[in-house]
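Colleague: Please take a close look at the nonpolar core and the aromatic rings. Which residues build the core, and how do the rings pair?

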Amino acid sequence: PSGGPCQIDPRSLKASEHEEEVQQFLSDPCAMQWIRCTDKLGNFDLQRFQAVLFIGGPGAIFDFPNCDSLNSVAQYIMERNGIVCAIGHGT
């Protein structure tokens, strides 16, 4: 939610070290730039979005609870009959 570098779970990297798609992603300079410089939540035009998807993992456990800006995004989407959904820990 605060933007900046995105942490990648080392256990996830180890578990997927033999997956070709993961290695392609990790060796893609453009993808890695996006990972290093994520936008701060709220620094974008919410009117462009119709849905929000919360993905599980450490971010959902540590960053999502009690995050006012995240709650505001979900509320904004819901009030406009958009879709708010979650996978795994995001729920």
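Modeller: The largest nonpolar core in this predicted model has 10 residues. They are Leu-41, Leu-46, Val-52, Phe-54, Cys-67, Leu-70, Val-73, Ala-74, Tyr-76 and Ile-77. H5 gives the largest share, five residues. S1 and H5 each supply at least two.

Take Tyr-76, one of the core residues. Leaving aside residues up to four places away in sequence, Tyr-76 touches Leu-46 and Gln-47. Leu-46 belongs to the core too. Arg-80 lies over the face of the Tyr-76 ring, 3.6 Å from its centre.

Now the ring pairs. The whole structure holds two aromatic pairs. One joins Phe-44 and Phe-49. Their centres are 5.5 Å apart and their planes stand at 70 degrees, so this pair is edge-to-face. Phe-44 is partly exposed, at 28% relative accessible area. Phe-49 is partly exposed as well, at 37%.

Phe-54 and Phe-64 also form an edge-to-face pair. Here the centres lie 5.4 Å apart, with 70 degrees between the planes. This pair links distant parts of the chain, 10 residues apart. Phe-54 sits in strand S1, residues 51–55. Phe-64 sits in the loop between helix H4 (58–62) and helix H5 (68–79).

Phe-54 has 12% relative accessibility, so it counts as buried, the cut-off being under 20%.

Conventions
Residues numbered from 1 in each chain as written. Predicted model: local features only at pLDDT ≥ 70, side-chain atom pairs only at ≥ 80, totals over all residues. Heavy atoms only, no water. Phe/Tyr/Trp six-rings, centres within 6.5 Å; stacked < 30°, edge-to-face > 60°. Buried < 20%, exposed > 50% of the residue type's maximum accessible area, 1.4 Å probe, protein only. Helix = DSSP H or I, 4+ residues; strand = E, 2+ residues; numbered from the N terminus. Lys NZ or Arg CZ within 6 Å of the ring centre and 35° of its normal. Core = buried A, V, L, I, M, F, W, Y, C linked by side-chain atoms within 4.5 Å. Contact = heavy atoms within 4.5 Å.
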